Amino acid sequence: MRPLRNLWKSGPPVLRALAAQGIVFIGVVGLAWALAARLPFWTWPLIQGSLAAILAHLWGLNRGWLVFQVLLPLALVWQLGHALPVWIYPIALVGLLLVFGGGLLTRVPLYNSSHAAWRALLELLPAEDGYEMVDLGAGLGGPLSFLARRCPGVRFTGIEASPVLWLLAWLRARSVRANCQMRYGSLWKLPLGDYRVVYAFLSPAPMAELWAKARREMKPGSILISNTFSIPDAAPERDIPLPDRRDARLWVYRL
Ligand SMILES: C[S@@+](CC[C@H](N)C(=O)[O-])C[C@H]1O[C@@H](n2cnc3c(N)ncnc32)[C@H](O)[C@@H]1O
């Protein structure tokens with residue numbers, strides 16, 4: 001029973017969100033059957049979304065998912081009354097999966113480091129040349145392209161699991177190809193032993209596992225910099241507030 005409960009808690013939140021919609025839908029269908037004539041049509045998706053949001057909240061989903069819960073039934077009902085061409089749905093689904101599909105499984109969606117984070121990273125890089133830095137989950141490649149342009153003597157590598165994002169990052173890094181490569185693949189398969197600086201902007205979910213990997217593979221004296229998400233039970237050497245959001249900071253851990 002316990003492994004099942006752990007899977008439920010640590011698995012992709014989208015499963016809990018959809019399960020909440022499904023359970024609430026059964027109740028709402030019963031209610032609608034009894035009361036349909038007395039309530040305006042638009043109240044039904046609202047009731048569905050609100051109850052699903054409450055259930056999702058009880059199951060530990062965050063505010064973003066609660067908004068998703070409320071909007072999903074409204075969007076579904078809206079599209080019933082608007083005849084969109086049928087091909088839009090599979091194309092939109094494939095497009096979304098290509099960009100965000102990796103995030104569903106890894107629980108690390110795409111969001112970009114700010115320019116303030118890029119500048120703070122530049123300050124943190126060791127002054128000499130000849131070492132390597134990696135961005136784990138390179139996204140659109142913004143930080144690495146910025147750093148590679150300013151530090152021609154350092155070799156930069158980005159690794160990205162989403163094919164569309166990898167392609168965009170690869171195109172973006174065209175002008176700094178001499179010292180910046182974008183690799184397609186999983187960060188978990190990339191050995192970290194060659195990198196003096198490892199940068200990651202992921203999510204709370206993989207931080208403990210990432211720290212275990214860093215401790216196994218990175219050399220003493222090298223640094224792991226995490227944007228926003230700290231590592232549980234590890235003491236940072238520095239933490240640098242960023243002006244972007246209240247919780248935005250760079251956490252610097254020395255191996
Ligand atoms: C929050 S974004 C950060 C993007 C970029 N590093 C930046 O700071 O602007 C995290 C990225 O990690 C990618 N990602 C998630 N899991 C991954 C994995 N296991 N291997 C490689 N990339 C992964 C996601 O697709 C996403 O593009």
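The model is predicted, with local features requiring pLDDT of at least 70 and side-chain atom pairs counting only at pLDDT 80 or more, while totals for chains, interfaces and linings use all residues. Residues are numbered from 1 along each chain as its sequence is written, and side-chain values use heavy atoms, with hydrogens and water left out.

The protein chain is assigned domain 1 (2-83) and domain 2 (115-254). These bounds come from an automatic or database domain assignment. Taken over C-alpha atoms, the centres of domain 1 and domain 2 are 37 Å apart.

The largest nonpolar core holds 53 residues. A nonpolar core is a set of buried Ala, Val, Leu, Ile, Met, Phe, Trp, Tyr and Cys residues joined through side-chain atoms within 4.5 Å. Buried means under 20% relative accessible area, exposed over 50%, and partly exposed in between (1.4 Å probe, protein chains only). Leu 136, Phe 156, Leu 224 and Leu 250 touch the most other members. Helix 6 (residues 115-124) gives the most to this core, with five residues. Helices are DSSP runs of H or I with at least four residues, numbered from the N terminus. Another core, of six residues, lies apart from the largest one. Val 24, Trp 44, Ala 52 and Leu 55 are among its members.

Contacts (heavy atoms within 4.5 Å) were listed without residues up to four places away in sequence. On this basis Phe 156 touches Leu 125, Met 133, Leu 144, Leu 147, Ala 148, Cys 151, Asn 179, Cys 180 and Gln 181.

Leu 165 lies in helix 8 (residues 163-172). Leu 165 counts as buried, at 5% relative accessibility. Beyond four places in sequence, the contacts of Leu 165 include Val 99, Leu 110 and Glu 160. Leu 165 and Phe 100 are 65 residues apart in sequence, yet 9.0 Å apart in space, C-alpha to C-alpha.

Lys 213 is part of helix 9 (residues 207-217). Lys 213 is buried, with a relative accessible area of 2%. Its side chain reaches the backbone oxygen of Trp 188 at 3.4 Å. Such a polar contact is a pair of N or O atoms within 3.5 Å; within protein, one must be able to donate a hydrogen and the other to accept it, and residues adjacent in sequence count only if both atoms are side-chain atoms. Lys 213 also touches residues including Leu 187, Pro 191 and Met 218. Gln 21 belongs to helix 2 (residues 13-35). Gln 21 is buried as well, at 9% relative accessible area. The side chains of Gln 21 and Gln 48 make a polar contact of 2.8 Å.

Aromatic pairs number eight. Rings of Phe, Tyr and Trp (its six-membered ring) pair if their centres lie within 6.5 Å; planes under 30 degrees apart count as stacked, over 60 as edge-to-face and the rest as tilted. The rings of Trp 65 and Phe 68 have centres 5.2 Å apart and planes at 80°, so this pair is edge-to-face. Both residues lie in helix 4 (residues 63-80), three residues apart, about one turn of the helix. Phe 68 is partly exposed, with a relative accessible area of 31%. Elsewhere, ring pairs link Tyr 111, Phe 201 and Phe 229 into a cluster.

Conventions. Helices (H or I, at least four residues) and strands (E, at least two) are DSSP runs, numbered from the N terminus.
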